[in-house]
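Take a look at the model below.

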Amino acid sequence: METTTDTKNSFINTFREFEAGLNGSAQGSLHEKRKEAISLFEKTGFPPTRDEEYRYTNIAKALQKSLGSNTGQLESDMDAQAIEGFLFKGLEANQLVFINGRFKPGLSQIISDPKNILIQELSEAYKEQPEKVGAAISKHAKPESDAFVALNTAFAHNGVYIEVPDNTVAEHPVVLNFISDGTKGTTTSMPRNLFLVGRSASVSIVEAFSSIGENTTFTNIVTEIDVQQNAQVQFVKLQTEEDKAIQVNNTHIYQQADSRVTTTTISLGGNLIRNNLNYAVDAKNCESNMYGLYYLHGNQHVDNHTVVDHRQPHCESNELYKGIMDDSSTGVFNGKIYVRQAAQKTNAFQSNKNLLLSDNATINTKPQLEIWADDVKCSHGATTGQIDQEQIFYLRSRGLSRESAQALLLFAFAGEIIEHISLEPLRAYFTDILEMKLKAKYQG
Amino acid sequence: MLSIKNLQASINDQPILKGINLEIKAGEVHAIMGPNGSGKSTLASVLAGREEYEVTGGSVTFNGKDLLDLAPEDRAREGVFLAFQYPVEIPGVSTTNFLKTAINQVREYRGQDPLDAVSFLKLVKEKMNLVEMNQSLLSRALNEGFSGGEKKRNEIFQMAMLEPTLSILDETDSGLDIDALRIVANGVTKLKRPDSATIVVTHYQRLLDYIVPDYVHVLYKGRIVKSGSKELALELEEKGYDWIKEEADNIQA
């Protein structure tokens, strides 16, 4: 009886259907990885809350409640007009559109020369370069590291493959729009992205998540970014889904010598979000920056877990996550920095700052440092507070309404994160989004 | 312009102001002096609408309106300005950015059109010179990392921008070196208009050499115990507050 099937088994059944639908593609190294991943998932299932890593975020329960045994992927009839509002307007960028996990070439626009930056649908890329792509998948995002990575790997098929050749500065940013359409029923999607950034190459990539509809949408995405020597990557995530959306987002970054990677994760919408951001810093003189902003309302729950693994000396990591929690929302921050014995002269800084706007809002924060090397400079800390009433009074005494004083202070608090987006048109775009969000709330 | 009658206020149930009476007319400068803890800053805060203080009695009328009934922002929009004793640092908000919002909300309240960017910048340039303020300070985060003198100058700069009818300077002179004091005081003096009034709350007579008061009031234990002309300030400087305390305590007893 289908009604008694739990979500885990339903995903396994969905996998069988997916596998059958692959026809000729159900072979090769990628499919071997899929099969290993599904049997791993079958063994472990979803992480229980007794798993320390998922202590505050019970995704299994949320999925069971809202998806039950409907773990399939629905078709969507959204057209260019329907998605227009979700795209980055006026931004000169490669814009790719995925709806319910499926690539929509007709709605996408690739403006860059493939010699400058190769942007392909993942299954196409695998067809063209099976050895290269097959070997790169799960090289850094190991299925055994996390049940959701395992589940995603089992379904690895649709997604984006980006290759930036050596010594190439990608002319235009790449914006990946993942839209979930829950108008006709619950739906799931498992995008799998693979970005290979060559030596001394440079690229900016955005993943933007949005949703529509009354039904639960579940997105379980995995992105692997392989960064070669002296390369520069700017990676931004924007989560603005509706309040029926559940998302698990795994990002694995691997850095070679002299490279710099800056990630900015901005979570404004969605019902339940879990972000796992992992940096493996495997060579000297790397810079790893992690910035995050979560601004939550209603019953939203956003959990950011970050890991930086400093394996080699003379590297630097900077982490700043800021949260604003309103209503009954919940934020979770867990940041781990490992400094291995070989990683002497590491500079690692980590900070999590939170503002609670309501008595019912919650933040669980845990900054962690684990250091085996003895010649390092590391610091970490977390603060949680409320809006400073002295600051509010100061602004009001100059004629600002209470609401606009509050909006101004929140904008200043959050703006520090957006400032770290180095590409000007993107930064301006995110500034606008934040201003609009604050205006909507404070009519300022 | 301002009429304070039997004003009483407390904080955490502790009475601080115990019946203040004060009449201020347009064009006048009133100095309020007194020993530490006499309630000077409380009076300034209550007039500006600081919410920690509870007004327990009396009335304040400002240009015919019940001032105590107005929110802090509406007091500002009506023309009340408080130069803070300790200007607040606000990271991430530049002086120009916040002042533009402030001025336009004040203008909106008064039924005026908002200032466009060009007129706003012109006004900034004009008022900046008045307090010898460096433009680079204005684009920095409000008061963050400013020296004491820079913070106080920024207060007077904001006052110049907002053109209030009643300015309350709360110990604006405390901790300033003589050059900064001169700049701040000259700014205030230049901003005086026949239709505006100033309350100078101070501990030291020094400031009153530059901002010459029409009246000097001495506040002690929450009451004005003595009022006089500017000569009273000189007398206080010379003799201290003890004789006034004694006089007041004797009357009380």
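What follows covers a helix in chain A and then the overall build of chain B. Keep in mind that this is a predicted model.

Start with helix α1 of chain A, residues 7–21. It has 15 residues. From its first C-alpha to its last it reaches 21 Å, close to the 21 Å expected at 1.5 Å a residue.

Now ask which residues of α1(A) are buried. They are A:Thr7, A:Lys8, A:Ser10, A:Phe11 and A:Phe15.

What do the buried residues of α1(A) pack against? Their partners in chain A are α2 (28–44), α3 (59–66) and α7 (147–154). After α1(A) comes A:Asn23. The phi of A:Asn23 is positive, near 50°.

Turn to chain B. Its secondary structure comes to nine helices and twelve strands. The C-alpha trace of chain B spans about 60 × 40 × 35 Å along its principal axes. How does the radius of gyration of chain B fit a compact globule? With 253 residues, such a globule would have a radius of gyration near 18 Å; chain B has 18 Å, so the two agree.

Of the 253 residues of chain B, 43% count as buried. Among contacts in chain B with a separation of 6 or more, 72% come from residues 24 or more positions apart.

Methods:
Residues are numbered from 1 along each chain as its sequence is written. Chains are lettered from A and ligands numbered from 1 in the order in which they are written. This is a predicted model: local features need pLDDT of at least 70, side-chain atom pairs count only at pLDDT 80 or more; totals for chains, interfaces and linings use all residues. Helices (H or I, at least four residues) and strands (E, at least two) are DSSP runs, numbered from the N terminus. The expected span of a helix is 1.5 Å times one less than its number of residues. A residue is buried if 20 or more other C-beta atoms lie within 10 Å of its own, exposed if 12 or fewer, and partly exposed in between; C-beta atoms are placed from the backbone. Two residues are in contact if their C-beta atoms, placed from the backbone, lie within 7 Å. The radius of gyration is taken over C-alpha atoms; the globule rule is 2.2 Å times the number of residues to the power 0.38.
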